[in-house]
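Welcome! Let us walk through this structure together, one part at a time.

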Amino acid sequence: MLKLNNIEVTYLNVIRVLHGVSLSVPDGSIVTLLGANGAGKSTTLKAISGLLHIEEGEVTDGSIEWDDTRIDKKSPEDIGKLGIVQALEGRRVFGHLTTEENLLVGAFNRRNRAEINRDIEMVYEYFPRLRDLRKNTAGYLSGGEQQMLVIGRAMMATPKLMMLDEPSLGLAPMLVEEIYEIIKRFNDEQKTSVLIVEQNVRVALSIAHYGYVMENGRIVLDGDAEFLKNNEDVKEFYIGLSAMGDKKNYREIKHYKRRKRWL
Amino acid sequence: MADLLQFVITGITVGMVYSLIAMGFVLIWKSSGVANLALGQLVLISSWVTYAILVQAGLPPWLGVPIVIVIAFCLGWLIERFLLRPLIAQPILSLIAVTLGLSYFLDGLITFIWPWSVDALPRLFPQDTIHIGTAVVSQEYLWAAGISLLLFTALTLYFKYSRMGIAMRATADDQMAVQACGIPVTKIFSRSWMLACAMAAIGGILMASIGGIGHGLIDTGMKSFSVVILGGLDSFLGAMIAGPIIGLVENLGGGYLTALTWPGIKEVIPFIMIIIVMMIKPYGLFGEVRIERI
């Protein structure tokens, strides 16, 4: 169980980007963190995985707890050893390595060669396309394949919590659906908790159990996936569903804009 | 014609020692992107350390040489831990400047401890010369070439198949993503410095047993730079092939052109060749081309 209690994050000691974020990821659940660009979603993930320290950022207030131990001062490798793994935004494969070598890097902290080989098979089971590409240079894979590889690499660490940063970025809608199906299957079968940062609200809420909406470094809304899917504001601002065809009342739009800022 | 064979054999074998030292440079460059400018000084100081252990302390080579290598490992660890680690996440130029500072420090240290600045190592290899065709080659050259080839093979396999080797290559691609996988990059950096120093030490021992200890060994380091640049900064294969090329050019040029031009042309020719190669192939002969998908 991951718990963020009211954390504040400051970069370079002056730029505060998170102003009191609280959220929790119960064991075995899929939680999604939604919001526009610059809302602080990726920063939240980096705060959890410890990568923040590398970017001269720091959790200046509040605490991050994993199974009741504080991890906000720990280094990324210690956090990794606790079973929290993050797949960075933007399909960051190791371009000059082959597909299989990429997966092996994901298993760096494990020693048992037999188990590693079994898990490589497991990843190929989830992403059959990667099996055909095992000897190919990762830098030349297509965008979708690279995303699959990044997720597969995260799976190789046998995580208890897998954090994915915008797995849908720049992918065709069909591929996005496919990848999300696989994430859901993985969560079902392996009981791994998943925390997904996403801008594609519709697809994220299609598999998530619970969701949080972030704006300007704050959580402005949270609830069950069902609740969020039916929320008027979420529909309007994030899914882009509004009363189509109706004449829009300009005042209403202003009202929404105002509300959004206040939320 | 008799000279030709002699020049070719000497060139190739000496070149392979350059390759060995160059591979240490490639190792650091590949995993951390730092250009280690103290390469020549590391070669020199390790040959002096060998001198200290074999001559001054009088240990037999079978015991002394492994001790030198262990000391080189420690030196590499110390350099990474106390000079480079505090500078992680600083501009890369600062890191390179630190290695330059290190080179001056080592220079001073060597002059301080061994002020006579020239000496010879005891013979490590059999003395008999070997006749290859019309050429007469001393065995040391062949041993040096063999050891260099062996280490090249070992290193290539290490990078291709071992857990640490794969992680090192991954670090070269994307440090941040490596850390996201829970891998301590500091461990990777210190491992690569340790290996690089050990290779500089082996290169230093080989060169010193061939030509004696002296400031000329720093020039050997310099030539290894040219090997690295010629072969491509991030390629072991490039270093392995470019070394003999530089050795050949140097010896053939020195052998045939000295009479026609100026003395000392031998030292200059490799660098002239590099300038020409750089104009044609800026990544070096085997440098990794930046992967770009369009």
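Two residues are said to be in contact if their C-beta atoms, placed from the backbone, lie within 7 Å. By that rule, 19 residues of chain B are in contact with 25 residues of chain A. On the chain B side, helix 6 (163-173) and helix 7 (175-180) each supply at least two of the touching residues; helices (H or I, at least four residues) and strands (E, at least two) are DSSP runs, numbered from the N terminus. Helix 6 of chain B gives the most, with 6 residues. Sorted by class, this side of chain B has 11 nonpolar, 2 polar and 6 charged residues, where Ala, Val, Leu, Ile, Met, Phe, Trp, Tyr, Cys and Pro count as nonpolar, Asp, Glu, Lys and Arg as charged, and the others, Gly among them, as polar.

A word on how to read all this. The model is predicted, so local features need pLDDT of at least 70 and side-chain atom pairs count only at pLDDT 80 or more, while totals for chains, interfaces and linings use all residues. Residues are numbered from 1 along each chain as its sequence is written, and chains are lettered from A and ligands numbered from 1 in the order in which they are written.

Now turn to chain A, which has 11 helices and 10 strands. Look for its open sheet of 6 strands, in the order 6-7-8-3-9-10 with mixed pairing; two strands pair if DSSP finds at least two bridges between them. Strand 6 (84-87) and strand 10 (218-224) of chain A each have a single partner strand, so one side of each is left without a neighbour in the sheet. Within the sheet, strand 7 (residues 161-165) and strand 8 (residues 193-198) of chain A run parallel and are joined by 5 bridges. Met162(A), for instance, has Val194(A) in strand 8 as its bridge partner.

Finally, back to chain B and its helix 8 (residues 185-211). This helix has 27 residues and reaches 38 Å from its first C-alpha to its last, close to the 39 Å expected, a span taken as 1.5 Å times one less than the number of residues. Is helix 8 of chain B largely enclosed or left open? Of its 27 residues, 22 are buried, so helix 8 of chain B is largely enclosed by the rest of the structure; buried means that 20 or more other C-beta atoms, placed from the backbone, lie within 10 Å of a residue's own. Just after helix 8 of chain B, Gly212(B) takes a positive phi of about 85 degrees.

Conventions:
A residue is buried if 20 or more other C-beta atoms lie within 10 Å of its own, exposed if 12 or fewer, and partly exposed in between; C-beta atoms are placed from the backbone.
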